[in-house]
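Work through the exercises below with the structure open. Each task is followed by a solution in steps.

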Amino acid sequence: MLNASFKLNLDKVISSLLIILMTLMVLNVTWQVLSRYVVQNPSSFTDELSRYMLIWLGMLGAAYVAGQDQHIAIDILPRRLHGKSKMKLMILINAVVLLFAFLVMVLGGSNLVYITFILKQKSATMQIPLAYIYTILPVSGLLVIYYQIFQISHHYRLYKS
């Protein structure tokens, strides 16, 4: 489960989903502009749909970037450390990110999905259950956790050698 080929396949799936989401979002917003200014009959669902696609794009994108270890970071201390000290710091950073993803994204996101499902909240225009929209929070949290465990194991192997 923590081998590099699984991670590469997961990266390909997520990047493909991100490309599809971005393409659909561009088409949706283009239709929104055309229907408003050219046809003079604005589409009612495009604004809401683009908002929800942006949520999915942002959350999946954050998980993907975390998997590539390209997320925004202040790297003053890691640049100054070398050897085992640097590896210990990197493991600690990955563990903190993992803890955040578990507490906020998985537990908090699952709670949000559960509440919106129980309350049967639906989107205003499209009448989609909001629980479906918010499902991306715990899913992307699980992806971040997987990527952090992968990186911790990588740093640990470097630390031990």
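This is a predicted model.

**Exercise 1. Sequence distance and space**

Solution. 
- Step 1. Buried means under 20% and exposed means over 50%.

**Exercise 2. How H1 packs on H2**

Find the angle and the axis distance for H1 and H2, then name their relative direction, the handedness of the crossing and the make-up of the contact.

Solution. 
- Step 1. Helix H1 covers residues 4–37, and helix H2 covers residues 46–67.
- Step 2. The two helices pack at about 155 degrees, and their axes are 9 Å apart.
- Step 3. Angles over 145 degrees count as roughly antiparallel. H1 and H2 are therefore roughly antiparallel to each other.
- Step 4. H1 and H2 cross in a left-handed sense.
- Step 5. Sort the residues of the contact of H1 with H2 by class: 16 are nonpolar, seven polar and three charged.

**Exercise 3. How H4 packs on H6**

Repeat the analysis for H4 and H6.

Solution. 
- Step 1. Helix H4 spans residues 83–118, and helix H6 spans residues 136–160.
- Step 2. Their axes come within 8 Å, with a crossing angle of roughly 165 degrees.
- Step 3. The cut-off for roughly antiparallel is over 145 degrees. H4 is therefore roughly antiparallel to H6.
- Step 4. The crossing of H4 and H6 is left-handed.
- Step 5. The contact of H4 with H6 contains 22 nonpolar, eight polar and two charged residues.

**Exercise 4. Aromatic pairs and a cluster**

State how many aromatic pairs the whole structure holds. Then describe the pair of Phe6 and Tyr146, the pair of Tyr146 and Phe150, and the cluster that includes Phe6.

Solution. 
- Step 1. A search of the whole structure gives three aromatic pairs.
- Step 2. One of them joins Phe6 and Tyr146, with ring centres 5.5 Å apart and planes at 75 degrees. Planes over 60 degrees apart count as edge-to-face. The pair of Phe6 and Tyr146 is edge-to-face.
- Step 3. Phe6 is in helix H1 and Tyr146 is in helix H6, so the pair ties together parts that are 140 residues apart in sequence.
- Step 4. Phe6 has a relative accessible area of 32%, so Phe6 is partly exposed. Tyr146 is at 11% relative accessibility, so Tyr146 counts as buried.
- Step 5. Turn to Tyr146 and Phe150. Their ring centres are 6.5 Å apart and their planes meet at 35 degrees, so this pair is tilted.
- Step 6. Tyr146 and Phe150 both sit in helix H6, four residues apart, or about one turn of the helix. Both residues are buried.
- Step 7. Phe6, Tyr146, Tyr147 and Phe150 form one aromatic cluster.

**Exercise 5. Polar side chains inside helices**

Are Ser35 and Gln151 buried or exposed? Which residues do they touch beyond four places in sequence?

Solution. 
- Step 1. Ser35 is found in helix H1, and Gln151 in helix H6.
- Step 2. The relative accessible area of Ser35 is 1%, so Ser35 is buried. For Gln151 the value is 7%, so Gln151 is buried.
- Step 3. Leave out neighbours up to four places away in sequence. Ser35 then touches Gln40, Asn41, Pro42 and Ser43.
- Step 4. Gln151, with neighbours within four places set aside, is in contact with Ala66, Gly67, Asp69 and Asn94.

Definitions and conventions:
Residues are numbered from 1 along each chain as its sequence is written. This is a predicted model: local features need pLDDT of at least 70, side-chain atom pairs count only at pLDDT 80 or more; totals for chains, interfaces and linings use all residues. Side-chain values use heavy atoms; hydrogens and water are left out. Axes are lines fitted to C-alpha atoms, for helices over the stretch in contact, and angles run from 0 to 180 degrees between N-to-C directions. Angles under 35 degrees count as roughly parallel, over 145 as roughly antiparallel, 65 to 115 as roughly perpendicular and the rest as oblique. A crossing is left-handed if the near helix is turned anticlockwise from the far one by less than a right angle, and right-handed if clockwise. Ala, Val, Leu, Ile, Met, Phe, Trp, Tyr, Cys and Pro count as nonpolar, Asp, Glu, Lys and Arg as charged, and the others, Gly among them, as polar. Buried means under 20% relative accessible area, exposed over 50%, partly exposed in between (1.4 Å probe, protein chains only). Contact means heavy atoms within 4.5 Å. Rings of Phe, Tyr and Trp (its six-membered ring) pair if their centres lie within 6.5 Å; planes under 30 degrees apart count as stacked, over 60 as edge-to-face and the rest as tilted.
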